[in-house]
Amino acid sequence: MNFNSLSYLIFLVLNIIVYYLLPGRFRNLQLLAASYYFYMCWNPKYALLMLFSTAVTYFCSLFVQRSVWGKRRFWLVLSLLLNLAILFFFKYYNFASNVVTRALSFAGLQMDIPFLDVLLPVGISFYTFQALGYTIDVYRKDIEAEKSFIDYALFVSFFPQLVAGPIERSGNILHQLKEYHPFRFDNIKEGILPALWGLFKKVVVADNLAVIVNQVYNSPKEHTGAEFLVATAAFAFQIYCDFSAYSDIARGSAKMLGFDLMQNFNCPYFAVSIKDFWRRWHISLSSWFKDYLYFPLGGSRCSKWRHRLNIMIVFAVSGLWHGAALTFVAWGLLNGLYQVLSDLLQPARKKLLSLLHISDENKGYKVFRILVTFCLTCLAWVLFRANSLSDAMQIYGAIFRIPLSGIHGSLAAFGVSFPTLVLMLLCVLALLAADWFIHNRKLPQKLNNTLVLRYAVYFILIAVMLLFGSYGDGYDPQDFVYFQF
Amino acid sequence: MCLLTALILFCAGFSSVLLPERLDYGATWGMYEKEKKHSVDFMFFGSSLAYCDIIPSVIYEDTGLTSYVMAGPEQTIPLTYWYLRQACSTQSPKVVFIEATGMFFSSHSKSVKINLTYMPWSINRLAPTFTEASEDERAGLLFPLYAYHDRWDRMTWDDFSRGILGYDPDPLAGYTFLDAAKPIETIKDRPFELQEDLYSRNLKYAEKIAAFCKERDILPIFYLTPNTSRPSAELTAKLRTDFEGLGVEFRNYNDAFDSLNLDLSTDFFDTLHFNYRGACKFSAYLASELKEFGLTPSADADAALWQERIRHFSALKDKADSGPVKLSGAADTPS
């Protein structure tokens, strides 16, 4: 049941109605049943896996708090091991076995490590990290262990953010589960806008851009450097629109039920450095890694080189979190390398700026930094999107070939019509402008306070989706990209 | 409420603008709706065997009687029933001719969608959408933007004006002009496999057609168009028996094949359909038969429009006649 389907709309509306009709004490049970139903729409069997993970983290956290057998650390490690073992088995086993086989073969040894024919459970990385974060929070005594299994199970499985985040923190959600949420029209109003905005980003921008990206990236030998540049920029916006759309719809859906989920994106393509980019992109994951990996490794309170190593470790793990492939690891490492190099070059940069009498606040310089950051991000996206490491190398080869080999013949290379290309360009510009107004000028609040404007925006978004959206006969609705993680 | 109204208007407007233009090959409801109300004396229903083979302007020229072909590609008998009901909401023909080959068509084809897409919104469109269309087609039929919104990048100003202002009356009154020819060597049986359950269902709808006609005081005539790939003698006999059982008239114009003076080398578009030469001959033959009904031409007919139709068809015919016979290269199309 995808967010961009009629079945989800019906499911959400029914749940909102039932939720507000039910007495408070039954509501979490209803949401839990709905969340499991939502998850089971993909694969009923894997709901058991989520239940197991929930039970493990629930009991281990209780045992951590009560120091059962006086061993708090034991229960924490047990919870981490069991959950990470499941994650490894379903997500990384085949990748690891492939890497080991190749490494052995490289060393002249032959060994057949069997491959497993298992489907990756949807959203396993998201709910596993959410559950692990909770256990660590209890271990650190940041929060009390949750006593109600129903409430805790709902925290792990809450359907709006279950399969693609945001990866919520126990401190933000658990207390909301204890609160009574009376029906407030304002919640519906405030939920509809991000949900519609998210749908627009997914159905109009991301899925139309996907056609261009797939056309070029799925046959790298047939395309030129310039085509890859266009397709890579298209992918930068496709993945942003796709993923942020999911977060927006999740936030909108949760808001209609009276819950506030965290912001997952904050104008990432207005970032002035890679470090800034990671403060704005997939914020829930970045902050998870910061709190549960980067800080425990020592963060920046250690030697410079150790700090740089910590950055590389965090980004390598982050890459691996995204997918069990070398391309994702390389993508993570490249992002880490950007930060390390930026750190190394900072003194020289400062010297140059002072020589040129340019201050950090200079607007032109800021725009320059935004453009450079966008280009660096795009270069990294090549690794994220390429079907293999060798494809990625081929694409880099084409991009950096001088002079650029030009776009073959016609725009047909992108697999869409010229009006569609123009539409996409306009959509991206509108998206950037809207993003800026949303995050810097509190656009949603202003819209929600102006009846006519609000309904005009509803109308425009729905009309644009109906006309230009990727749906209907002959369309292959794209799954949300982050589902695979 | 305002938002809902605005969205409904938006969907209705853009559905009509984005729907591909439909000027021939049946299902031409946009043009049919522009026909002066209650001005048609005879109507023809069925598949391409109707809209490729009957020229209303030829009939009008010979008899002064007005007629219209409201057929659709590969139209099945249930769809013909709904077409008849819809057509009779704006016209009150005295006689309707229903091409009966559809009795052997399978219940579903890819043309069901086209047959229904252009129908005006009414129960006559909605009912077959649920009974005749496949599940995959239903969303597009109930919500045309679902099926046609991707045409936005090919839209022209003509699409806009047609979508907003609508069609003009059909200058050929439902007929599709085919000028190419396929030389025919032999006359043979069309390889239909009789599926009893399907045939029974079609017969049930034939009965409904008869009942509807009775209710409206219309004379229904089921007929087989003359062609060179025709239902076997056995199937034709079955049709005759079953229609007589329903108390409706059945005419097999294949029996008149020789008296039509058809030229097998120039008068057919393919083994099933006439081109304009064959259609002219068959329409003239029908015109002579129609005289036997002793009907007086409708006083409500738009004489100027019909004169224009005669001129239009003559111009097309003269243009085609002035050149060498074009070969159609058509395969034996199945409709």
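**Helix packing and chain shape**

Mentor: This is a predicted model. In it, the crossing of H8(A) and H18(A) is left-handed.

Trainee: Which residues of H18(A) make the contact?

Mentor: H8(A) brings Leu196(A), Trp197(A), Leu199(A), Phe200(A), Val203(A) and Val204(A). Facing them from H18(A) are Tyr458(A), Leu461(A), Ile462(A), Val464(A), Met465(A) and Phe468(A).

Trainee: Are H8(A) and H18(A) roughly parallel or roughly antiparallel?

Mentor: H8(A) covers residues 185-217 and H18(A) covers residues 451-468. Their axes lie 10 Å apart, at an angle of about 20°. Angles under 35 degrees count as roughly parallel. The two helices are therefore roughly parallel.

Trainee: Now chain B. What is its radius of gyration, and why is chain B called as compact as a globular protein of its length?

Mentor: Chain B holds 14 helices and 7 strands. For its 335 residues the globule rule gives 20 Å, and the chain comes close to that, so it is as compact as a globular protein of that length. The radius of gyration is 20 Å.

Trainee: What share of the residues in chain B is buried?

Mentor: The C-alpha trace of chain B spans about 65 × 50 × 45 Å along its principal axes. Of contacts between residues at least 6 apart in sequence, 85% join residues at least 24 apart. The buried share of the 335 residues is 42%.

Definitions and conventions
Residues numbered from 1 in each chain as written. Chains lettered and ligands numbered in written order. Predicted model: local features only at pLDDT ≥ 70, side-chain atom pairs only at ≥ 80, totals over all residues. Axes fitted to C-alpha atoms, helices over the stretch in contact; angles between N-to-C directions. Helix = DSSP H or I, 4+ residues; strand = E, 2+ residues; numbered from the N terminus. Parallel < 35°, antiparallel > 145°, perpendicular 65-115°, else oblique. Left-handed = near helix turned anticlockwise from the far one by under 90°. Contact = placed C-beta atoms within 7 Å. Rg over C-alpha atoms; globule rule 2.2 N^0.38 Å. Buried ≥ 20, exposed ≤ 12 C-beta atoms within 10 Å, placed from the backbone.
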